[in-house]
Amino acid sequence: MSGIPTNWRRWQGISRQILHFYNPEDEFSVLSTISIPSITIMGKKDGALSIPVEQTMERIKKAMTNSKRVETVILGDANHQYDDYQQELADTVKTWIQIM
């Protein structure tokens, strides 16, 4: 398929193996290996999720036991591409970096 980097399909397959967003029983144990500060940003209308975003964020926070700073942000009704939320996304990331 033109326009899609060849490594994207590989990453997509790997991410599904590591983080099972579709399985509410998955504890995201691989996230406990992360020790650097982390921010996760999602919107309520992210079509990639089959579980409510609030539940997903709680699972992420619970799993990231070794990270010095874990922040989760829900950007309103943003979808997976953050359509109409790009500026809010950029502002959120900028603020998070500045606080570091």
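Trainee: Why is Asp 84 called exposed?
Mentor: Exposed means over 50% relative accessible area, buried under 20%, partly exposed in between, with a 1.4 Å probe and protein chains only. Asp 84 has 75% relative accessibility, so it counts as exposed. This is a predicted model: local features need pLDDT of at least 70, side-chain atom pairs count only at pLDDT 80 or more, and totals for chains, interfaces and linings use all residues. Residues are numbered from 1 along each chain as its sequence is written, and side-chain values use heavy atoms, leaving out hydrogens and water.

Trainee: Where is Asp 84 found?
Mentor: In the loop between S2 and H3. Helices (H or I, at least four residues) and strands (E, at least two) are DSSP runs, numbered from the N terminus.

Trainee: What is noted about the phi of Asp 84?
Mentor: Asp 84 is not a glycine, yet its phi is positive, about 70°. Most residues other than glycine have a negative phi. Tyr 82 also has a positive phi, of about 60°, and is not a glycine.

Trainee: Is Tyr 82 buried or exposed?
Mentor: Buried, because its relative accessibility is 16%. Tyr 82 sits in the loop between S2 and helix H3 (86-99).

Trainee: How do you know that Leu 75 is buried?
Mentor: Its relative accessible area is 1%, so Leu 75 is buried. Leu 75 also lies in the loop between S2 and H3.

Trainee: Which residues does Leu 75 touch?
Mentor: Contact means heavy atoms within 4.5 Å. Not counting residues up to four places away in sequence, Leu 75 touches Ile 41, Met 42, Gly 43, Tyr 82, Tyr 85, Glu 88, Leu 89 and Thr 92. Leu 75 and Ile 41 are 34 residues apart in sequence, but 7.0 Å apart in space, C-alpha to C-alpha.

Trainee: What makes a nonpolar core?
Mentor: Buried Ala, Val, Leu, Ile, Met, Phe, Trp, Tyr and Cys residues, joined through side-chain atoms within 4.5 Å. The largest has 9 residues, including Phe 28, Leu 31 and Met 42. H2 gives the most to this core, with 4 residues. Another core, of 5 residues, lies apart from it; Ile 41, Leu 75, Ala 78 and Tyr 82 are among them.

Trainee: Why is strand S1 called largely enclosed?
Mentor: 4 of the 5 residues of S1 (residues 38-42) are buried, so the rest of the structure largely encloses this strand.

Trainee: How do you know that S1 and S2 pair?
Mentor: Pairing takes at least two DSSP bridges between two strands. S1 and S2 (residues 70-74) have 5, in the parallel sense.
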